[in-house]
Amino acid sequence: MRALSLMRCAPLFLAACLGLSPVRAGEPVVIVHPDSGVQSLTRDEVINLFMGRQKRLPSGRVAAPVEQAEPPATRARFYQLLVGKDLPDIHAYWARLLYSGQAQPPRQAASAEEVLEFVAANKGAIGVMDGARVDRRVRVVLDLGK
Amino acid sequence: MSFGMKVWIILAALMLPLTAQDADCGLKVSGFGTLGLALNSSDRAEYVREPTQPRGVLRSLNSSLDTRLGLQVNQNLGGDLSFVGQIISKYRFDYTFTPDVSWAFLSYKPTSSIQARAGRLGFDVFQIADTRNVGYSYLWVRPPVDFFGPLMLSSLDGGDLTWTTALNEGLNLRLKVAAGRTASIDKVPFGNEGGYVPLGGSKLIGAVAEVDGRDLNLRVSYARAQPSEKFPAPITDLQNGLNAYALLLNDSRLAQQAKGVDFQENCFRYLSAGLNWQGGPLRVEAVGAQVRTGDGPIPDLKSGYLSVGYREGAFVPYFLASRIVSDPHPLYLGALPTLGPQAAALAAGVSAFIQHQRANQTTLALGLRWDFHTNMALKVQIDRIEGRPNDVMLWLNVRPGWEGKATIGSVTLDFVF
């Protein structure tokens, strides 16, 4: 555990030295469009949106969740932090919801840039991506690595 | 190759290139499937996954038990409206894999807490009842036969209404009511090749209450189905015979018995409660159910299962125990067995029919799920079944020498795409 927390702190330290944004490199963050009407989200709100239980942002807009699919480690880390589950469990969970006709899984984006572009272009979008790649086009509403 | 298979291959070929999401027109095509092999230690009774299968597993490798393929279309119709269509190909009553339309419904979700659906839809009478064909979504090679075997209803032509509310942070309550008629795709093979008992057209109403937490899911459900179809000729013959003797003997209890043999006289009531917990690597599922019939000789059923699994990287070893018990209503045959060979034959026929409605058995299973690739899982499972040899509801073509005991070995490859 000690080694792990040291490893998690290292990028932060590095980022601080380099004078970069306070978001830790490599940790997934949840982002929205600056005009989405959402300032921040709780962990439970994000669970509801990414696990297909809630289909609207708190501002009332229909939500369009999108995930950074590559590299898979970013998604794996997100779901481990969010609900403590491994990707195969998340995939099995979605198979049940999708094929019983209840809900559809989040859109998969191939890269961090693709997530940024989609979120920056859609006021209802809510994305998950590598925190180190976030820029001014979007607003971070939850940093799970914190 | 059958006509059904050909249609299926053409459909699959047409749709596979579409397997992707198109953000602009809101169309998404996806699918799921299982390739399975199974082997039975006994050659005295055929093991089936569901009573809609016309032939089961004996002492030679069988690939039709678990193999199935499904294709689904999700079409966003703009705003709060969407369409879901699904077809499934699996081994069915007529010995073919002819695909059936399992879902075709419109979904309307005007607010975040209300959803209304209408068309052909799944009804989760029991936990996971509406995804029992999607092997990738559960741990085992197949849903416990002791539990799902008697539950043949899979699709509903009608509507449902779901209301969701947050109880507190991270805990949601979902209430659902459904009403309609069971879809005509559910047919139990009977008699000659291709013959069947239709299960469609039964009036069904039901309700589900569900609490969803981060790791925990609790649910209670109730449904009642009123069959509208009569049993086919050999069984109505039994009924007519009973009626004739009831009249002859002036035996009102026997007449009552004849009435109870009728499908239509039995309103099936399903009550179920279940728990699903998945915290960290550990997952536990426990479900119990009761099926009640009419006052006639068709028995009530009680069943349940307990499943425990533990994820270790890509592997999940698991244990599954299931049990079904029939609560036999007394079978009254009056003086019938003593009235000569014809009446005795009738009595034997009625007894045999009732015996086919009974199940009393326990299954213990050990298995391993291996998520070896994204959206693919390989599973192996060994089932040991022990039960009363005369209660043969869950077995096919029982031969002399059947002792109610069998070991089933299975391997499946489950995938979604």
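Guide: Let us begin with a term: two residues are in contact when heavy atoms of theirs lie within 4.5 Å. Please keep in mind that the model is predicted. Among the contacts in chain A with a separation of 6 or more, 68% are between residues 24 or more positions apart.

Visitor: Which pattern does chain A follow along the sequence?

Guide: The order of elements in chain A reads α-β-α-β-α-α-β-α-β-β. Chain A contains five helices and five strands.

Visitor: What share of the residues of chain A count as buried?

Guide: A residue counts as buried when its relative accessible area is under 20%. In chain A, 50% of the 146 residues count as buried.

Visitor: How should I read the interface of chain A and chain B?

Guide: The size of an interface is often given as the accessible area lost when the parts come together. Here, about 2,900 Å² is buried between chain A and chain B, with carbon and sulfur atoms giving 44% of that area. On the side of chain A, the residues that lose the most area to chain B are Arg53(A), Arg56(A) and Tyr99(A), which together make up 24% of what that side buries.

Visitor: How many residues does the contact take from chain A and from chain B?

Guide: Chain A contributes 29 residues to the contact and chain B contributes 44 residues.

Visitor: How many residue pairs are in polar contact across this interface?

Guide: With both residues at pLDDT 80 or more, 16 residue pairs are in polar contact between chain A and chain B. On the side of chain A that touches chain B, two or more residues come from each of helix H2 (43-50), helix H3 (72-83), helix H4 (87-99) and strand S3 (107-109) of chain A. H4(A) gives the most to that side, with eight residues. By residue type, the side of chain A that touches chain B has nine nonpolar, 10 polar and 10 charged residues.

Visitor: What is the general idea of a salt bridge?

Guide: Side chains of opposite charge can pair when their charged atoms come close. Four salt bridges are counted between chain A and chain B. Arg56(A) and Asp80(B) meet through their side chains in a salt bridge, at 3.1 Å from N to O. Over all chains, the structure holds 33 salt bridges.

Visitor: Which other salt bridge does Asp160(B) form with Lys176(B) as its partner, and where do the two lie?

Guide: The side chains of Lys176(B) and Asp160(B) meet at 3.7 Å, N to O. Lys176(B) lies in strand S9 (residues 171-182) of chain B and Asp160(B) in strand S8 of chain B, 16 residues apart. Lys176(B) and Asp160(B) are both buried. Through shared partners, salt bridges join Arg117(B), Asp124(B), Asp160(B), Arg174(B), Lys176(B), Glu210(B), Asp212(B) and Arg219(B) into one network.

Technical notes:
Residues are numbered from 1 along each chain as its sequence is written. Chains are lettered from A and ligands numbered from 1 in the order in which they are written. This is a predicted model: local features need pLDDT of at least 70, side-chain atom pairs count only at pLDDT 80 or more; totals for chains, interfaces and linings use all residues. Side-chain values use heavy atoms; hydrogens and water are left out. Buried area is the accessible area (1.4 Å probe) that two parts lose on being put together, summed over both. A polar contact is a pair of N or O atoms within 3.5 Å; within protein, one must be able to donate a hydrogen and the other to accept it, and residues adjacent in sequence count only if both atoms are side-chain atoms. Helices (H or I, at least four residues) and strands (E, at least two) are DSSP runs, numbered from the N terminus. Ala, Val, Leu, Ile, Met, Phe, Trp, Tyr, Cys and Pro count as nonpolar, Asp, Glu, Lys and Arg as charged, and the others, Gly among them, as polar. Buried means under 20% relative accessible area, exposed over 50%, partly exposed in between (1.4 Å probe, protein chains only).
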